[in-house]
Every structure is written in C-alpha cells, then in structure tokens.
Amino acid sequence: MSPTSILLLIAAYFGVLVLISYFTGKEDTNAAFFKANKSAPWYLVAFGMIGASLSGVTFISVPGLIGGQEFAYMQGVLGFFVGYFVIAFVLLPLYYRLNITSIYQYLEQRFGIVSYKTGAFFFLLSRVTGASFRLFLVALAMQYIVFEQMGVPFWLTVVISILLIWIYTFKGGIKTIIWTDTLQTLAMLTAVGLAIFLINQKLDWSYIEFLNSESFAEKGQIFFFDDVNSKEYFWKYFLGGIFITIAMTGLDQDMMQKNLTCKSEKDAKKNMISMSVLLVIVNFAFLSLGALLFIYSEQFGVDIPLVDGRVRTDLLFPEIAMNQGLGKPLAVIFIIGLIAAAYSSADSALTSLTTSFSVDFLNIEKRPKAEQKPLRKKVHVGVSVVLVIVVIIFNYLDGNVVSNLFKFATFTYGPLLGLFAFGILTKLHIKDKYAWIIALLSIGISFAITLLPESVIGKYQFHWEILIINGFITFVGLLLISTKTNMKSKKEILEILKDDSKKIA
C-alpha cells in the first residue's frame, strides 16, 4: 500500500471515531466523563475491555515473543484468568459498596490522606509508563510502515497520534471510550483472524493442520517445569500472572473505571468473568499468529526487521502483513487493527489519568460546579503533553516492549498491591504519614534483590514474581508502622504475618 492510501485509511477510521464521539459526547459533564452515568451495558464493557487489555503491546509484541519464549506466555495468561476471578469477587464488591469515582479513595477511607495520595501517585506513574510503552510500540510500527517514507520524524508521529486521541475523548470521556473500545476490539481481532487465515493459506495449511504440524510443535511448548531458575518456569509465570492481573487491572483506575460504569455490581461481575474466558482464547490466537509469523519467515527467507541496528521482533508482523505479497486485504485490515490497537489502550489511559489527577490530586468533586469542567479539560491537555514526552523517551530503550512493560510494572504496582492487601486482609491501622516512605523502600529493596550477584542467588532469574515480593515487602512495612492503639501482641503480629504471607504468595 502507498503512504497516501494508508493515510486515507487512517483518516476514514478516525472519522468513524469522531462520529461516535459526537453522539456519545453530547452530555459534556463530569458524571458522563468519569462514570458514563453508571449506565453502560456489561456485555459492551466486557468486549471493549478485551481491546484495552490487549492493546498494541499484544497486537505487535506478543507475537514477537515466540522468537525467544515459545508459548511460555500462556502460563501467565492462565494466571490472568485466576486473577480476574479475584477481582470479580473481592475488589469489585468493595468498590461498588463504597460508590467511589477513583478506586484510590478507598485508601483514604481505610488509612488516611497520605496513603491515598501514595496509591494515586503510583497509579499515575504506572499508567503513564504503561500507556507510553503501548503508544511507542504502535507509533514505531506506523513510522516503519508509512511515515519514514514520507520523511516525517518520529516525534511528530507521536504528537499526531495523541492529538487524534485527544480530539475524540475530550468531551465524552469514558462514555465515549466504552463504544470506541468495542469497535477497536472488533477491528483488532478481525485483523488477527484474517492474518492467521491468509498465512496458513500461503503455507498450504488449515488452522488445525498448523496446530498439528512439526513446525508448531517446535515453537508451541507452553509448560516449563524443568528449570526453576529460568524466567519461563511455570510457577513464576502463573503466580506472577495472577498478581499482575490483580495489580494492573483490579488496582488500576484505567481498567476499573470501565467496570464502575456498569449499572450494578452483578453486571460488573458478569463483565469480568466473561472477559477472563475470552482473553485466554484471544491470547492463544495471538501466540498462534506469532508462531505462524516465524514459520513463514523461516520458510520464505524473511529477515526480522532491524531498526538502528537493533533486531525488532515486534516489527515482524507489520513486515509480513505489508511487504510480503499476502494481498491488499491483509494490509488494509492490519492497518486498521494497528490503529485500533493504538487507540484502544491510549484513549482509556488518557481518560483514566485525567480522572485520577482531577479527583485524587485536585479534588475536583469538591470544587464549585462552575470550575469543574474547565479544570478537567486543562488536565486532559496536560496529560496528553506528558504522554508525548514519555513516548519519545522510550524510543531510546532496548528490548522487547512487552517484557519491558511488565518488568517496570512489577516495581510500580507493588506498593499498590501491598496497600490494598493490608487494607483488605487486616483490621489494623497505620501511621499514615509514613506510607509513602514504605512504598519507596519497597521498590528500592525489590530492585536491589533483582541485582543480587550470582554468588548469592546462583543462576536464578527473576520474572513477574518480583511483584509478589514487592507487595509483600510493602505489607510487612505497613505492619511495622501499625498504630499502637490497634497493635496486637508480638505473637499475634507474627501469626498475622505468617497467615497473610501465605495468602499473598
């Protein structure tokens, strides 16, 4: 496809999003922007959240994982499945009972203002980083496919991408996003399904024949139990996947804001459970596509793309879809899927960051009505600028983006996991003014643990389990700053620590 054709396709897709925004954004109020007036159909939220959960990271980077990890990622996906049930039956009832706009308001009610601000800060840090990783990946692919040929610098590609998102979210907020996410999920899954079909056709296979082939057997190993030191070891991936889901979905304003738009707690649970089942199926499809991409590249001599001298497995999908003669339909649907992947995560991140900063730091709900909407719009612009800056910085990072994303998340989400776990699993109170110190110490200690030399930990490689360790360190730290009036005896504290450590680990 020519750059002009691709730009026209982007313009047409963007036009549809703006049209959706026009109809859903007519009620330009904070209640609609933050909560969609709590009237969203659960099945629409569930389907749309698939796209937001997958995003550009899954669309581009997960297929690229096959180059080094086979299907080991599915072990984490099985952990995700369990984690969603914990969210549905532990966290959602809590949030609905409290009737809150920001989920971090729970921490204020449970511990105090410092804990509240600490939790909200780590969400902002985590979500800015996560959204920027996702936007970077898709902007990189767009740069590789079209804008490089036109002489457009990478920074301008990023600015254009975020500007487009801002235009269709600045009025409707979460109410608009529920509908646009549904469209974007459909586009993304259609792109993956068509790619699997056409590549199998080129290889003269049906999908079942592909799954039964020797080539798939070489790349399709899922379970790894033989080496506890390896990053691919089952229990690291599985347990890490459970807690990654609890932290990055259940303790994340972005994902929970969508759940809180449902009419009732019962509908929100339906949404979460149905989404957990679909995500297992969809992630297997993405990894199947990854295996097909590498098999295709080996059989037809397609080189993995290089960017600035670095191998980018993330770009193998766009290379094969756009430049290997698989037909215009695949190229068209790939571009649509790529755009959908970019917008499905970034638009909701932009909205949730606006919500969290407005509610958690600017106390927008307590301000005069006349000030609320103008303030929200200023924050929306500010968050957009921050995302542009961070995405450009990520252009200088090495490594597979999905690995970097989860690695960073294990540190920034750890204090959130510890704070919420302590609040839910104990009845103790804490010296609230020290909560931020505990959070920072937890991250520092966790990071130091990952830097231990081989002389101390041998050949052990840390993976997602560092999130569990991080959360547990935060939990212990909070126990140490429990207030005297609510403290148990030393013996009772040790029993609490022993019992709760089992629940967390």
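Helix α14 spans residues 316–323 and is mostly covered, with seven of its eight residues buried. Helices here are DSSP runs (H or I, at least four residues), as strands are (E, at least two), numbered from the N terminus.

Before you go on, remember that this is a predicted model, in which local features need pLDDT of at least 70 and side-chain atom pairs count only at pLDDT 80 or more, while totals for chains, interfaces and linings use all residues. Residues are numbered from 1 along each chain as its sequence is written, and side-chain values use heavy atoms, with hydrogens and water left out.

**Into the core**

Next, select Y95, I199, M272 and L387. These residues have the most contacts inside the largest nonpolar core, which has 147 residues. A nonpolar core is a set of buried Ala, Val, Leu, Ile, Met, Phe, Trp, Tyr and Cys residues joined through side-chain atoms within 4.5 Å. Helix α6 (residues 113–147) gives this core its largest share, 16 residues.

Stay with Y95 for a moment. Which residues does Y95 touch, not counting those up to four places away in sequence? They are I100, I103, G250, L251, M256, L260 and F420, where a contact means heavy atoms within 4.5 Å.

**Rings to look at**

Rings of Phe, Tyr and Trp (its six-membered ring) pair if their centres lie within 6.5 Å; planes under 30 degrees apart count as stacked, over 60 as edge-to-face and the rest as tilted. By this rule there are 24 aromatic pairs.

Show F85 and F89, a stacked pair at 6.3 Å centre to centre with 25° between the planes. The two are about one helical turn apart because they sit four residues from each other in helix α4 (residues 73–98). F85 is partly exposed at 29% relative accessibility, and F89 is partly exposed at 47%.

Then move to F223 and F225, which are also stacked: 6.3 Å centre to centre, with 20° between the planes. F223 is partly exposed at 41%, as is F225 at 47%.

For a cluster, select F71, W205, Y207, F210, F216 and F284, which form one aromatic cluster.

Last stop: K236 lies over the face of Y460, 3.7 Å from the ring centre. A charge sits over a ring if NZ of Lys or CZ of Arg is within 6 Å of the ring centre and within 35 degrees of the ring normal.

How values were computed
Buried means under 20% relative accessible area, exposed over 50%, partly exposed in between (1.4 Å probe, protein chains only).
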